[in-house]
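Dear colleague,

Please find below the structure that I am handing over to you. My findings follow directly after it.

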Amino acid sequence: MILVGLLLLVALVLPGLPLGEWRAFLLDTAQFAFLISALALAWDLLARTGQLSLAHGAFFGLGAYAAALAAPALGTLPALLVGGVVAGASSLFLGLATLRLHGMYFAIATLAFSEVMRTLVLKAPFTGGAIGLPVQPAFGGAFPLGGYYLAVGVLALAAGISLLLSRSRLHYAMAATRQGEAVARVLGVPVIRVKLLAFMISAFLAGLAGGVYAMKTLFLSPYDAFGLGRAVEALVIPIFGGLYTTTGPLLGGLIIVSLETWLRLRIGEGYLVVYGVILVLTILFLPRGLVSLFHRKGAGHA
Amino acid sequence: MLSVQGLCKRFGGVTAANEVSLQVAPGEILAVIGPNGAGKSTLLNLLSGLLRPDEGRIEFLGQEITHAPPEVRTWKGLGRAFQIVQPFPEMSVWENLLVGALYGKPSTPRKVAERVVAEVIELTGLAPKAQTPAGELTLLEDKRLELARALCTQPRLLLLDEVMAGLRPSEALEAVALVRRIRDSGVTVLFIEHLMPVVRALADRVVVMDYGRVIAEGPYDAVAANPKVREAYLGRAQ
């Protein structure tokens, strides 16, 4: 909780610090890290109901495309909202069809969804197809730090919702659904509704993050926006940081993206090998994630 | 209170429940007994909504619930404790109970739910273990938790699936006293049990099942003397 607040505070004041010649690069990396952390926080919300999603890369991509297409007509903030809503609505349809599936089967269904979305965006007449889609910067480029602060805002929103949910009564419904679905139902937990709600909130946040990402990279292609890599990142980060927590995905996202960027600078091509080794070692020696370093006993209340 | 008519459930070629009909009166303790594979657990799963019947009708408190989902039955006051105890392992005992108390009745305020948990945790003797992770309980404590969690949903009728299985005789005695206390607090009880001394001690009435059918019904002594029941348990005399 304190750590979450502290990290957000640092994010807010970072552009004001004397960062020297690396400033632009650092802010750019930080912005990307915030968005990926928000995506990881969103993924973790659904994971709390016991569902493993491989569609979060696609929700991120859908949000990115929807926001990019809506921005010229609606302006930046409404366009971002459209991105979130499009991702949330698509999760409602996907959820109605698949949330009765469990574990592996749900994961496979979400993977199929991602592929369908990528193909749709590739073939649709208004998305630029394989050539890609140029995107306007946030607020038409009027504020150089606009995109950065939008990323901070999305991260704060995701962290806030994550904290709020772990303190609400819904926390018990989600945890019960994860730890024993049949028992949860017999105890009166409306399991399907709980899962759908978690899925929609989760996809909405992923879509928001995707929209800000689009306005940061200024160019979208279906291969980048719907790549499986981002879906994998969305689940690796919470596992690395600590599942079912707020600190875990947040801290995990910042560390992993920084690490990835630093390794790429240092060793170029081979960075993925080192990155993989670090992940494997962490998961082997810290199965409950980074947060287990802070409090050895607690079972998911950070 | 509960009325079951002509309930059938088939799994492929096996008929696990065949024209099962029974009535449960308010305030009674009804035992359902029968040899392994008689269809007792299937019956309980049909009653609590984890299985849907192929035929038949279930009424609870005058309302039809034949196809209602499990959570809706719980909201109406039909509680259930499982044979294989399945605590939420990452939660404490208190949190396990809180799930039942928060969701057993729709939109129960947190304060009310915590009061229910406090009462139930006293009644079931789990108070000293309130903060223990549910994954670290002994078998007896597990069974108590299972029962307590069902009680937290504030049932009018409680379905108990072999909650005494695996307990030592002294522990079973304690559990019998606990079930009596639950009934005395105004909860009707339907339970499945293998241990005949427990059935004799607790049940006002006994229903005997074999091969998915109800083969006998009545007070314990009458049922125990019934030749059909003896045959079901001991096999036909050659």
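In this predicted model, strands β1(B) and β2(B) form a hairpin, with two residues between them. B:Gly12 lies in the turn and has a positive phi of about 60 degrees. Strand β1 of chain B covers residues 2-11 and strand β2 of chain B covers residues 14-24. Their pairing is antiparallel and runs over seven bridges. Within this pair, B:Arg10 of chain B is found opposite B:Thr15 in β2(B).

Strand β1(B) also pairs with strand β4 of chain B, which comprises residues 55-60. This pairing, too, is in the antiparallel sense, over five bridges. Here B:Ser3 stands opposite B:Glu59 in β4(B).

As regards the domains, chain B is divided into two parts: domain 1 consists of 2-77 + 155-234, and domain 2 consists of 86-139. The distance between the C-alpha centres of domain 1 and domain 2 of chain B is 25 Å. Contact between them involves five residues of domain 1 of chain B and six residues of domain 2 of chain B. On the side of domain 1 of chain B that touches domain 2 of chain B, the elements giving two or more residues are α2 (70-76) and α6 (169-184) of chain B.

Yours sincerely

Methods: Residues are numbered from 1 along each chain as its sequence is written. Chains are lettered from A and ligands numbered from 1 in the order in which they are written. This is a predicted model: local features need pLDDT of at least 70, side-chain atom pairs count only at pLDDT 80 or more; totals for chains, interfaces and linings use all residues. Two strands pair if DSSP finds at least two bridges between them. Helices (H or I, at least four residues) and strands (E, at least two) are DSSP runs, numbered from the N terminus. Domain bounds come from an automatic or database domain assignment. Two residues are in contact if their C-beta atoms, placed from the backbone, lie within 7 Å.
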